[in-house]
Amino acid sequence: MKILLVEDDREAASYLIQALDEAGHVTHHAADGETGYAMAESMDYDVLIIDRMLPRRDGISIVETLRTNGDATPVLILSALGEVDDRVAGLRAGGDDYLVKPYAFTELLARIEVLARRSSPSEAATVYEVGGLSLDRLSRKVERDGEAILLQPREFRLLEYLMKNAGKVVTRTMLLENVWDYHFDPQTNVIDVHMSRLRGKIDKGHATQLLQTVRGAGYMIRD
Amino acid sequence: MRSLPQLLRTTSVRLTATFILIFVVFSVLLLGIIAWQASIQIQRQQTADIDREVRLLQRIDRTQGLRGIAVAVQRLANQPGPGIYYLGDRAGLFLLGNITDVPDQIIFEPGVYSFDYERPRPFDPDEEGEAERTQGFAVVRSVELASGLRLIVGRDVVERRGFTAIIIQAFLFGVAGILIFSLVAGGLTARRILRRIDTIGATSAKIMSGNLSERVPVTPRNDEFDGLATNLNAMLDRIEQLLQGLKEVTDNVAHDLKTPLTRLRNQAESALRPTADDEQRRQALEATIAESEKLIRTFNALLMIARAEAGAPSGAFAEVDISAVVADVADLYTPLAEDSGMSLVTRIEPDVTLRSNRELLGQAVVNLIDNAIKYLASEEPREGRIEVGVERGVAGVRIVVSDNGPGIQEEDRQRVLQRFVRLEKSRTEPGSGLGLALVDATARLHGGTFRLEDNAPGVRAIIELPAR
């Protein structure tokens, strides 16, 4: 993936560039808002990572201008401001996701991989399929190898989100935000219990475990 | 004390001065109109008197001849008072009267005149001796009688002028009196107002110089200044309370964040130990990350409490379905509770809504259920039971989370609401000691209360939020 990182903290930037490189991504870096905007305008990136507070031009304004110009490149906004209002302001300006500092690198990586449009399945798909597991978003039916699986509404949404992002790591915080719409902080193992129940329903008695735990990061569904 | 120019700039003094000015201008106008009207009235009266006497003397002239008119004029002239009489022969020469020195023009050309003259005698008959001649001013009417004699009848108006002078004098005294009275009254009023404002000013100066416990004195008069003082004092109480809270937080943060920071540092150091092998280094670094994770959570919790205590921006308040929020949290925790061998029961009245902050309320309920699970798990094995309820009361909304765990001693129930307070038996449990502080701050942000009650056994945590 080709990524543009607009971040004024040199140390944080060089760490991110190195880590993204190890994860197999090419990263360009801009240290201020004007340069960042110029680079985003002139080149084609898969994802933009933009710090909210930047010298010369703030991140929100960059995103707004890009969106006004019809640039739909996915944007992840980084910010130390974590209140709901700040988050709403960032997303309203056209940001696709909002990550509050300090964050874990695995969290950032998982989020940009989910954001990148190149590998995303079509939003319009009504049936998601991974291995022998299929989920029909309209009839709300879940089957594995032709065998119907009964899920609670919440488990259905959990599985739907995982399958939509099949093959990508999904963190616990992402699950909380997208499945529960929580931006606050329950104990992390709350999610783990839900996941082990879901696993019990879809993987029990099958040779291949579709729902996998990614150590230190989160969960992933794939065959 | 203020200097004079400073004093003159104050609002109360300027207001008083304005009122005095208006008052004096109106008094002057009023008295002026009275004096003017009175003098016109006197003038008319005198003219009428003169005309009447002239007509009388003309009749006497026609009916009684020279002797009659002479006697009549002489009698009138001898009366004390302002009357002026002159009777001349056909050639205008003085025959009799009480004035001799009259200009020829007045004698020969009939009409109305006014002129200065020498007054031949004092009008006071009691006064003896040589007649004192004084300056007079006369208004007269001159006529030629049927017999050809010349008659002049008039009035000395020095007396009338005297009357005007008396009015003006009275008028000046009046104005001076009014001026002095209003200056004194205005000055006293202004001083009283200034003194009360100065009291408030002096108190704020003391507060600015650092003495935050100072308060504006409130008098029993209960006027608008007392209203202002009461409000100022309430504001100062709030500020003092906030500062006190801030100080406690700073102290606690210093104490409670240094411990994990030390652990963090120790773990990083142990990873750098030359004797450490790869596996030990990896473990040490993982511990470092876990520790910093905990610090971030503590930090976030602190920020959240601070926001709730500072009063969240009104934009963060919306109509929230409390029933749904609480049911969602309960739903999130049910699997965890069940896996830990507890039951989580809900008693949620549907469609309870309230203007509130969804994030903070959600986090508050999360914290309460988290706590309940944590303390039930620390107990020796038995049937743990958590009840989560929402009910609509008379005054608002009640959110209740109760458990049958170890409970909290009565003397500790207030204390555990403070930041970083952790009871001895929970020291070993994971947690920051901020959970209940956030619940308390959230309840207060919504104008409500949070309290812990004995559930015999266990704890009943009650958030009461008033309807707005």
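**Helix packing and chain contacts in a predicted two-chain model**

The crossing of α6(A) and α7(A) is right-handed, where a crossing is right-handed if the near helix is turned clockwise from the far one by less than a right angle, and left-handed if anticlockwise. The model is predicted, so local features need pLDDT of at least 70 and side-chain atom pairs count only at pLDDT 80 or more, while totals for chains, interfaces and linings use all residues. Residues are numbered from 1 along each chain as its sequence is written, and chains are lettered from A and ligands numbered from 1 in the order in which they are written.

Two packed helices are described by the angle between their axes and the distance between the axes. Helix α6 of chain A spans residues 153–164 and helix α7 of chain A spans residues 172–180; the two pack at about 120 degrees, with axes 10 Å apart. Axes here are lines fitted to C-alpha atoms, for helices over the stretch in contact, and angles run from 0 to 180 degrees between N-to-C directions. That angle makes α6(A) oblique to α7(A) (under 35 degrees is roughly parallel, over 145 roughly antiparallel, 65 to 115 roughly perpendicular, and the rest oblique). From α6(A), R157(A), L158(A) and Y161(A) meet L175(A), N178(A) and V179(A) of α7(A); contact requires C-beta atoms, placed from the backbone, to lie within 7 Å. The residues of this contact divide into four nonpolar, one polar and one charged, with Ala, Val, Leu, Ile, Met, Phe, Trp, Tyr, Cys and Pro taken as nonpolar, Asp, Glu, Lys and Arg as charged, and the others, Gly among them, as polar.

Chain A as a whole comes to eight helices and 12 strands, assigned as DSSP runs numbered from the N terminus (helices H or I, at least four residues; strands E, at least two). Of its 223 residues, 37% count as buried, that is, with 20 or more other C-beta atoms within 10 Å of their own; 12 or fewer is exposed, and in between is partly exposed, with C-beta atoms placed from the backbone. One residue to look at is D51(A), in strand β3 (residues 47–51) of chain A, which carries the annotation "modified residue: 4-aspartylphosphate" in an unreviewed UniProt entry. Because 25 other C-beta atoms lie within 10 Å, D51(A) is buried. Apart from neighbours within four places in sequence, D51(A) is in contact with V6(A), E7(A), D8(A), G59(A) and L78(A).

Turning to the interface, the contact takes 17 residues from chain A and 19 residues from chain B. On the chain A side, α8(A) gives the largest share, five residues. α8(A) and helix α7 of chain B (residues 322–339) pack at about 80 degrees with axes 8 Å apart, and are therefore roughly perpendicular to each other. This contact joins N189(A), V190(A), V193(A), H194(A) and R197(A) of α8(A) to L332(B), Y333(B), P335(B), L336(B) and D339(B) of α7(B).

In chain B, the unreviewed UniProt entry annotates residues 12–36 and 166–188 as "transmembrane region"; such annotations use the numbering given here, have shortened feature names and may be inferred rather than shown by experiment. Residues 12–36 of chain B are 100% helix, with end C-alpha atoms 36 Å apart, and residues 166–188 of chain B are also 100% helix, with end C-alpha atoms 33 Å apart.

Note on methods: Two residues are in contact if their C-beta atoms, placed from the backbone, lie within 7 Å.
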